[in-house]
Amino acid sequence: MKYTFSKDFFWGAATSATQSEGRTTTDGKGENIWDYASKKFNDRFYEGVTTASTSRFYEDYQGDLDRLADLSFNSFRTSISWSRLIPEGVGQVNPEAVQFYHNVLDGLNKRGIKPFINLYHFDMPMKMQEIGGFENKAVIKAYCDYAKTCFDLFGDKVSYWFTFNEPMIPAEAGYLHDRHYPYIVDFKRAAQVLHHIVLAHCGAVKVFREGQYSGKIGIIMDVIPVYPRSQNPADLKAAEMADLFYTRSLNDAILKGHYPEKLKVILNQYDQMPEVSTDDLSLIAQTRIDILGINYYRPRRVKARDSLPNTNGVFSPEWFYDNYEMPGRRMNTSRGIEIYPNGLYDIAKKIQNEYGNIDWFVSENGIGIEGEEAFINNGIVEDDYRIKFLEEHLIALHQAIEEGSNCLGYHMWTFVDCWSWQNAFKNRYGFYRMDLHTGKKTIKKSGLWFKNVILNQGFSL
Ligand code: FCB
């Protein structure tokens, strides 16, 4: 059986500034929340590895761009670091950063690799966080000014812009679930942050449209498909609530131009409604994107709660459902998450049927594995499990495309093993292995496999 993809299908990988660039003391970069938190709350990071020692893309970008070209990529996503470009978040632009990003973009274009550039990948400048981060409307304005600076400086070199990566995460992980700095646990504040991120997204799209820059603009979302344990009405209700809070809250706002009515009713009922003005709602209603990126790693399986929630505790979406561990599910034990390739097919169908079959692409998909050195044979990581993972997900995607989904490409997370937030270098995801001691980057078996897929526009089983 042969699985063929279109000639102009985007093949590539994604990374982000904070996870790949690394820091030097002389690069003029301002601190962001990760630079700060990985030092100040060092115990929260796997083996205490900070942002200073990520994959050295800042110094080794020419080598890395050659590596991308070696894999025959036609596209590649990274992000601009707001705090590298504008160290204080507003005002003065760092000339070294301008030069660096020009060099990266020129290097990509010269190699025939289309730059997909994201403006915000979890990395709030510390100076902006000090005044409240996205809780403060002034930071929305600062973000839009930063976006304009990027469009003005680099607009003629970028084909695809993205306003945010996984906009739910900074709100959820930073303001409710105690995973990201500022480690606040308060649903209403999380909801306010999420709403302000939506406004920042809309503001940046507006700046882009008004400035008539070339290229397209979109956003990258982590849509986790929700599956109920059974067809029992109580399980179906649980699934509806998980989907409403974690997916439809954002998807409907960004893709349909309004928040779900039902969410508003529930938030009012529990006194958790953030401040939302009519001007905000009309901006959301007017904003449309050109392209959607979808990051897919795992399904979300849920069931009706077994017990009543503690209503004296912190309000959270988990008041309405329990996570469900399906017997026989396939697990990636390194991350503790389920592997479910068909979820990608289901997402594609959802976009096709419920969100106008908008142009989209898989902006992240991948498998993080701990202890990959155990698979090194003759100097290369023989990651057959990653090849299998890729095959299965690409087959699911292929099927959806055959059925009319407008999926334009597939980007793997990631090309060189990189730093993954609080997990630091615990789990490896790359097509290249990064030796943390020597800095040496060596292609894995999956990288060679993926290159063949690109060259053959598909693969056979
Ligand atoms: C995604 C993030 C990305 C990376 C992968 C493993 O949720 O967008 O930065 O850490 O997970």
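Trp 34 and Trp 419 are both buried, where buried means under 20% relative accessible area, exposed means over 50% and partly exposed lies in between (1.4 Å probe, protein chains only). The model is predicted, so local features need pLDDT of at least 70 and side-chain atom pairs count only at pLDDT 80 or more, while totals for chains, interfaces and linings use all residues. Residues are numbered from 1 along each chain as its sequence is written, and side-chain values use heavy atoms, with hydrogens and water left out.

**Aromatic rings**

- The structure holds 58 aromatic pairs; rings of Phe, Tyr and Trp (its six-membered ring) pair if their centres lie within 6.5 Å, and planes under 30 degrees apart count as stacked, over 60 as edge-to-face and the rest as tilted.
- The pair of Trp 34 and Trp 419 is edge-to-face, because the ring centres are 6.1 Å apart and the planes stand at 80 degrees.
- Trp 34 belongs to helix α2 (residues 33-40) and Trp 419 to the loop between β17 (407-412) and β18 (427-428), so this pair ties together parts that are 385 residues apart in sequence. Helices (H or I, at least four residues) and strands (E, at least two) are DSSP runs, numbered from the N terminus.
- A cluster linked by ring pairs contains Phe 5, Phe 9, Trp 11, Phe 73, Tyr 410, Phe 431 and Phe 450.

**Charges over rings**

- Arg 44 lies over the face of Tyr 183, at 3.6 Å from the ring centre; a charge sits over a ring if NZ of Lys or CZ of Arg is within 6 Å of the ring centre and within 35 degrees of the ring normal.
- The ring of Phe 100 has the charged end of Arg 84 over it, 5.7 Å from the ring centre.

**The loop between α8 and α9**

- Pro 182 is located in the loop between α8 (168-175) and α9 (187-210), and the peptide bond from Tyr 181 to Pro 182 is cis, with omega near 15 degrees.
- Tyr 183 lies in this loop between α8 and α9 and has a positive phi of about 55 degrees although it is not a glycine.
- Tyr 183 counts as buried because its relative accessibility is 14%.
- Arg 179 also lies in the loop between α8 and α9, and with a relative accessible area of 34% it is partly exposed.
- Not counting residues up to four places away in sequence, Arg 179 touches Ile 169, Glu 172, Ala 173 and Gln 422; contact means heavy atoms within 4.5 Å.
- Arg 179 and Phe 100 are 31 Å apart in space, C-alpha to C-alpha, and 79 residues apart in sequence.

**Other backbone features**

- A cis peptide bond, with omega of about 10 degrees, joins Trp 413 and Thr 414; Thr 414 is in the loop between β17 and β18.
- Asn 378, in the loop between β15 (376-377) and β16 (380-381), has a positive phi of about 45 degrees although it is not a glycine.
- Asn 378 counts as exposed because its relative accessibility is 79%.

**Nonpolar cores**

- The largest nonpolar core has 138 residues, and those with the most contacts inside it are Phe 134, Tyr 143 and Trp 161. A nonpolar core is a set of buried Ala, Val, Leu, Ile, Met, Phe, Trp, Tyr and Cys residues joined through side-chain atoms within 4.5 Å.
- Helix α9 gives the most to this core, with 14 residues.
- A second, separate core of seven residues includes Phe 116, Tyr 160, Phe 162 and Ile 220.
- Leaving aside neighbours within four places in sequence, the contacts of Trp 161 include Ile 80, Ile 117, Leu 119, Phe 208 and Gly 218.

**Helix α14**

- Helix α14 (residues 384-402) has 19 residues and reaches 27 Å from its first C-alpha to its last, close to the 27 Å expected at 1.5 Å a residue; the expected span is 1.5 Å times one less than the number of residues.
- Among the buried residues of α14 are Arg 386, Phe 389, Glu 391, His 393 and His 398.
- Gly 404 follows α14 and has a positive phi, near 105 degrees.

**An open sheet**

- Three strands form an open sheet in the order β7-β9-β10, with mixed pairing; two strands pair if DSSP finds at least two bridges between them.
- β7 (226-228) and β10 (322-323) stand at the edges, each with a single partner strand, so one side of each is left without a neighbour in the sheet.
- β7 pairs with β9 (residues 300-303) in the parallel sense over three bridges, and Val 226 has Arg 300 in β9 as its bridge partner.
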